[in-house]
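Subject: A structure for you to explore

Hello! I am passing on a structure that I have been looking through, and I hope you enjoy it. Please open it beside this email and follow along.

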Amino acid sequence: MFAKPKVTIILANLGTPDAPTVPAVRTFLQQFLSDQRVIEIPKPIWQIILRLFILPFRPKRVAQAYAEVWGEDSPMREILLEQVKAVQAELSQQYPQFDLNVVPAMTYGNPNIQSVLKQLSEQPQEHVILLPLFPQYSATSTAPLYDAVAKWVLTQRNLPGLSIIRDYYQHPLFIQALAQSVRDYQAVHGTPEKLLMSFHGIPQPYADKGDPYADRCRITGQLVAAALGLNEDQYAISFQSRFGKQEWVKPYTDVLIADWGKQGVKSIQVMSPAFSADCLETLEELAMENAETFKAHGGESYRYIPALNSREDHLQLLNSLLQANLEALTHTLAH
């Protein structure tokens, strides 16, 4: 009797501190902001800036923001664990020929991708599938997971098969799920004057050097607008979460929201199709901070449409992406 082939699926998101405290946030930010994929300033110069001007001060403000959205755990980690549990239940039932294990990972913080990969070495795998939960590829978010795998590969003798699902920014099930989340929300809360699709930003020089992220975001936004039957006056695409002095991809979410308020727009709804799980950037920055900005400039009704999180149609998308890979493995790994 042959043992079932071991196949591990890694669902990976960006990361989160272990607690909404200054020490935990400082540890997380040091790891995150030390990655040269994220900050491309020469390392010796950046480390001086980071240690002298950012880590002594920024963690206090960020910890306070995390405290406002923290439940029993970080929202991102809670949702990731829900997604892992649901995908495991569905795919292990569909593919009984494999010893299938779905595990969570974070690029920064815990469960850390490096430790997850190390555990795989202790139980040799036939195949590993990595699904970064970033719908639109960016060198600032997706690529660090490639880096982690590349470092791990160098230390391994008996390597498994490897698949990485790069992104899914225009997958029909992704667009359908986003559009349906808007319909479901508006069925309860009504239709606003404007729908804003706000994506996490990247510095403009990164895009100029060839990072395809901003273009992928715009394609996602246009496809969602088309699925909802919106005309150009009914929606906009923008970018949030600027950091530092350099120019980032535009338009900026906070500037656009302020402009709408000044122009007499009274009601908007905002969604963030770059996030597969709600987190600090969506729950605090987008839902709270920007609501204040809109109202301070004359706006009245501001509502945030939650990320896809553990919606059934989102899980169906994730399963579909993974099924394509598992179907191929049925021919190569079946005994």
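Predicted model: local features only at pLDDT ≥ 70, side-chain atom pairs only at ≥ 80, totals over all residues.

Residues are numbered from 1 along each chain as its sequence is written, and side-chain values use heavy atoms, with hydrogens and water left out.

Let's begin with one sheet. Strands of a sheet pair through backbone hydrogen bonds, either parallel or antiparallel. Here four strands form an open sheet with parallel pairing, in the order β2-β1-β3-β4. (Strands, E, at least two residues, and helices, H or I, at least four, are DSSP runs numbered from the N terminus; two strands pair if DSSP finds at least two bridges between them.) At the edges stand β2 (99–109) and β4 (161–164), each with a single partner strand, so one side of each has no neighbour in the sheet. On average, neighbouring strands are turned by 20 degrees against each other, direction ignored.

(Contact means heavy atoms within 4.5 Å.) The 20 residues of α4 should span 28 Å at 1.5 Å a residue, and its end C-alpha atoms are 29 Å apart, which agrees. (The expected span is 1.5 Å times one less than the number of residues.) Among the buried residues of α4 are Ile79, Leu80, Val84 and Val87. (Buried means under 20% relative accessible area, exposed over 50%, partly exposed in between, with a 1.4 Å probe and protein chains only.) The buried residues of α4 pack against β1, α3 (58–69), β2, α11 (280–296) and α12.

Which residues touch the most other members of the largest nonpolar core? In this core of 52 residues, they are Ile9, Leu11, Leu131, Leu322 and Leu326. (A nonpolar core is a set of buried Ala, Val, Leu, Ile, Met, Phe, Trp, Tyr and Cys residues joined through side-chain atoms within 4.5 Å.) Helix α12 (residues 312–332) gives the largest share of this core, seven residues. A second, separate core has 35 residues, including Trp46 and Val128.

Helix α12 also packs with α7 (residues 172–189), at about 170 degrees and with axes 9 Å apart. That makes α7 roughly antiparallel to α12. (Angles under 35 degrees count as roughly parallel, over 145 as roughly antiparallel, 65 to 115 as roughly perpendicular and the rest as oblique.)

Finally, another open sheet has four strands in the order β6-β5-β7-β8, again with parallel pairing. Its edge strands, β6 (235–240) and β8 (301–304), each pair on one side only. Four bridges link β7 (residues 267–271) and β8 in the parallel sense, and Val270 has Tyr304 as its bridge partner in β8. Helix α11 packs on the sheet, touching β5, β6, β7 and β8.

Happy exploring!

Key
Axes fitted to C-alpha atoms, helices over the stretch in contact; angles between N-to-C directions.
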